[in-house]
Amino acid sequence: MDPLTTQPSSSPPVDHEGKWVLIAVIGLGALFLYWLDPGRWLRLDVVQAQREALLAWTAAHEGLAAAAFILLYCLQTALSFPGATLLTLLGGFLFGPVLGALYVNVGATTGATLAFLSARYLFRDTVERKFGARLQTIQEGFARDGFNYLL
């Protein structure tokens, strides 16, 4: 039973070890991006200066370039780091408008999904403890008519 409501809790049992692993993975991802120092090279003037080299490397390693770009965009979005605008422009520049848009959308959607799932997994219990009684109405509405809530 949920201590704040008379309804049984629909949330799965808490896996504290899993939460610490997820926090460690997020921390390592943030440290990786910090180590990469994207502010040093993810600037318009750097992209302009390295234009030919970037295009040549992307053409020579299409699959690796696409995977690296999607991974970088996914990490940037999942960790809520700034730079999405320039990464989006870089995607169009390197891969063209169609593939660039596809890679940006895959990276952004995957990153946003990871951010949502991480926040939900890490903070759900805390939010339910603090706002459980007020959230009960919303949860009942989702259960009854989830599609309209989604819209």
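**Close-up views of the predicted chain**

View 1. Leaving aside neighbours within four places in sequence, T58 is in contact (heavy atoms within 4.5 Å) with A65, L94 and F95. With a relative accessible area of 8%, T58 is buried, the classes being buried under 20%, exposed over 50% and partly exposed in between, for a 1.4 Å probe and protein chains only. This is a predicted model, in which local features need pLDDT of at least 70 and side-chain atom pairs count only at pLDDT 80 or more, while totals for chains, interfaces and linings use all residues. Residues are numbered from 1 along each chain as its sequence is written, and side-chain values use heavy atoms, with hydrogens and water left out.

**View 2. The loop residue S80.** S80 is found in the loop between α5 (62-78) and α6 (84-150), and, although not a glycine, S80 has a positive phi of about 55°. Most residues other than glycine have a negative phi. The relative accessible area of S80 is 61%, so this residue counts as exposed.

**View 3. The chain as a whole.** The secondary structure comes to six helices and zero strands, running α-α-α-α-α-α from the N terminus on. Of the 151 residues, 26% count as buried, and among contacts between residues at least 6 apart in sequence, 70% join residues at least 24 apart.

Conventions
Helices (H or I, at least four residues) and strands (E, at least two) are DSSP runs, numbered from the N terminus.
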